Amino acid sequence: TMIGFDFYDSEHTAVLIGDDATQANLLHCAFVDNVTQGSGGAITVAPSASKTTIFHCEFTSNEAMEGGGAIEHSEGADLTVYRSYFHLNHATSDGAALSSATALTLSRSEFFSNTVESAKGPAIYDSDSTACDAGENIACLNSDVTTGEECNGFYSVTSDDAAAAGSGSCHVFNGSCQVPSSVPTATPIVSPTAAPTGTPTASPTISHVPTPYPTRSPTVAPTASPSHSPSCVPSVSPTVGKISVPIQIGDPNPPVPVPVPAPPTNTSSGKGSSSSSGKGGGTRAPTHASHKHGHTHNSHNGG
């Protein structure tokens, strides 16, 4: 079992699984730019190897001068490939990514742009029609660089005679891509019209030149004269409503004015007056005496 190994630029097959291997497992490995003059640029599985499992491995730009640009799977050994990626592998003979001669089970793997030269199976070459598509495989742009023929899946033959004659059939994966045409169409599908369908009018329907004068002249005098007096008499009380809060103006506690007594205004001279004056014309303020039986006024007669 090998986990997480990287194999780069080998001039021979990078990994050989020999005849005495009963169970070989390769997990999370990378095989890049390995070249061999024989078969299987990255891996060769010997005929007597009992069982080999390849899980989540990458195979990129590996090359073989014979078959199996990435993997050569010999007759008599079981091989299972799961979740692996094959890209830009090349073989001069059959099977650019994988060449299988016996029981092969393939699932959830991807094959892109693998190529052969005047051979079959640019993705997988199945020489005895025993390969099993276990589902969810994807293949795209796998081709023969000489003829341009593509096979995005298994290329299977049923006998040695058919293989020798170069006949067989291509089993395309359900996840194969639709290859676009390499040559564009000569002319567009829809051609533009020779001329516009409508011609413009000779002149605009609305002039953009301003008029020399205003379209309307002002009136000579106002249409209504103002009245000489106001038309409304002000109301006695406010029309909005009574003020709920009294308005306070000035000092809220003004001083209370103190009344000033006025000077006496009654004066008398001579006899018979409630006020008496002596000789010489002098005056005095009246004197009030209060008794139980009334008031008594005293006066002096001059003489």
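Cys-29 is buried, with a relative accessible area of 3%, where buried means under 20% relative accessible area, exposed over 50% and partly exposed in between, for a 1.4 Å probe and protein chains only. Its closest cysteine sulfur is that of Cys-57, 4.5 Å away and too far for a bond. Cys-57 is likewise in no disulfide, a disulfide being a pair of cysteine sulfur atoms within 2.5 Å. Cys-57 is also buried, with a relative accessible area of 4%. The model discussed here is a predicted one, in which local features need pLDDT of at least 70 and side-chain atom pairs count only at pLDDT 80 or more, while totals for chains, interfaces and linings use all residues. Residues are numbered from 1 along each chain as its sequence is written, and side-chain values use heavy atoms, with hydrogens and water left out.

Which cysteines do form a disulfide? The structure holds one such link, and it joins Cys-151 to Cys-170, with their sulfur atoms 2.0 Å apart. This pair links distant parts of the chain, 19 residues apart: Cys-151 lies in the loop between β22 (143-144) and β23 (153-156), and Cys-170 lies in strand β24 (residues 169-172). Strands here are DSSP runs of E with at least two residues, and helices are runs of H or I with at least four, numbered from the N terminus. The link of Cys-151 and Cys-170 is right-handed, with 100 degrees about the S-S bond. In general terms, a disulfide is a covalent bond between the sulfur atoms of two cysteines.

Turning to the strands, six of them form an open sheet in the order β1-β4-β8-β12-β16-β20, with parallel pairing; two strands count as paired if DSSP finds at least two bridges between them. At the edges stand β1 (2-3) and β20 (132-133), each of which pairs on one side only. The parallel strands β1 and β4 are joined by two bridges, and Ile-3 has Leu-27 as its bridge partner in β4. Strand β4 (residues 24-27) has two faces, a covered one with Ala-24 and Leu-26 and an uncovered one with Asn-25 and Leu-27. On to the next strand, β4 pairs with β8 in the parallel sense over four bridges, and here the bridge partner of Leu-27 is Phe-55 in β8. Strand β8 (residues 51-55) is in turn joined to strand β12 (residues 78-82) by five bridges, again running parallel. Phe-55 stands opposite Tyr-82 in β12.

A further open sheet of six strands has the order β2-β5-β9-β13-β17-β21, and its pairing is parallel. Why is one side of β2 and of β21 left without a neighbour in the sheet? β2 (6-8) and β21 (138-140) stand at the edges and each has a single partner strand, so one side of each has no neighbour in the sheet. Neighbouring strands of this sheet are turned by 5 degrees against each other on average, direction ignored; the axes are lines fitted to C-alpha atoms, for helices over the stretch in contact, and angles run from 0 to 180 degrees between N-to-C directions. Three bridges pair β2 with strand β5 (residues 30-32) in the parallel sense, and Asp-6 has Ala-30 as its bridge partner in β5.
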